[in-house]
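Dear colleague,

I am passing on the structure we spoke about, and my notes on it follow below. Please read them with the model open beside you.

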Amino acid sequence: MNTNFPKNTILEDETVLLRPLLESDVENLLEISLNEPETWEYSLVRANGKENLENYIQIALKARENKIEFPFIVFDKKSGKYAGSTRFYDINLEFKTLQLGYTWYGKAFRGTGLNKHCKFLLLQFAFETLGMERVEFRADNNNQQSIAAMKSIGCKVEGVLRNHMPTFGSEVRRDSIVLSILRNEWFDAVRENLKRKL
């Protein structure tokens with residue numbers, strides 16, 4: 001398998017298009033950034049406000065340069081608007097593992113089924129194009145909405161990393177829940193179950 005992650009990866013179906021995040025995407029995501037700051041309530045790196053959004057995108061692009069992350073911008077075809085962002089991270093092609101996260105959408109796109117379309121395309125790419133053996137997901141253990149969304153696409157809970165990482169602007173440390181989908185689970189059931197929900 002190629003040791004370089006495909007640079008111009010575009011994933012799409014009739015509902016959504018995911019393309020590589022660009023520096024100029026500050027403009028495409030600014031409306032959500034300015035008007036919906038609570039989107040990053042559980043995030044250590046915030047993208048609320050123009051300066052934070054610029055910083056968020058710079059960090060993501062630097063990680064892509066270093067080949068440890070691959071950030072996407074999410075375009076909702078039904079509304080013709082940019083919906084948010086997601087990415088592969090902790091990419092280890094040698095071990096055939098990666099994590100899927102840093103996912104956020106504007107309010108108008110939550111609960112619309114958009115996330116399931118994104119996850120289907122990303123998981124299909126991870127398992128069927130990149131040949132991954134494991135895709136991992138993590139969330140703040142208090143973020144029930146995110147955990148429910150991950151379970152609904154077929155993730156299995158593996159456990160909780162206690163006192164795992166700091167939280168934004170607080171002395172309190174967070175517990176992180178770890179979930180995953182394995183290659184055989186994708187092909188045995190998760191792919192078809194998720195496809196039926198699209």
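An angle between axes counts as roughly parallel under 35 degrees, roughly antiparallel over 145, roughly perpendicular from 65 to 115, and oblique for the rest; the axes are lines fitted to C-alpha atoms, for helices over the stretch in contact, with angles running from 0 to 180 degrees between N-to-C directions. This is a predicted model, in which local features need pLDDT of at least 70 and side-chain atom pairs count only at pLDDT 80 or more, while totals for chains, interfaces and linings use all residues. Residues are numbered from 1 along each chain as its sequence is written, and side-chain values use heavy atoms, with hydrogens and water left out.

Helices (H or I, at least four residues) and strands (E, at least two) are DSSP runs numbered from the N terminus. The axes of H3 and helix H5 (residues 183-197) come within 11 Å and cross at roughly 155 degrees, and H3 and H5 are therefore roughly antiparallel to each other. The crossing of H3 past H5 is left-handed (the near helix is turned anticlockwise from the far one by less than a right angle; clockwise would be right-handed). In contact terms (heavy atoms within 4.5 Å), H3 residues including Phe120, Leu123 and Phe127 meet a set in H5 that includes Trp186, Phe187 and Leu194. The residues of this contact comprise 6 nonpolar, 1 polar and 7 charged, where Ala, Val, Leu, Ile, Met, Phe, Trp, Tyr, Cys and Pro count as nonpolar, Asp, Glu, Lys and Arg as charged, and the others, Gly among them, as polar.

For helix H1 (residues 26-35) and helix H2 (residues 50-65), the axes come within 9 Å and cross at roughly 130 degrees, so H1 and H2 are oblique to each other, and their crossing is right-handed. Val26, Glu27, Leu29, Leu30, Ser33 and Leu34 of H1 meet Lys50, Leu53, Glu54 and Ile57 of H2, a contact with 6 nonpolar, 1 polar and 3 charged residues.

Turning to the pocket, 46 residues line the largest one, and Ser43, Thr103, Trp104, Asn143 and Ser146 are those nearest its centre. Strand S5 gives the most to this lining, with 7 residues, and the lining as a whole divides into 20 nonpolar, 16 polar and 10 charged residues. A pocket here is an open set of points on a 1 Å grid over the protein atoms alone, where a 1.4 Å probe fits, with protein on both sides within 12 Å along at least five of seven lines, and lining residues have an atom within 4 Å of a point.

With best wishes
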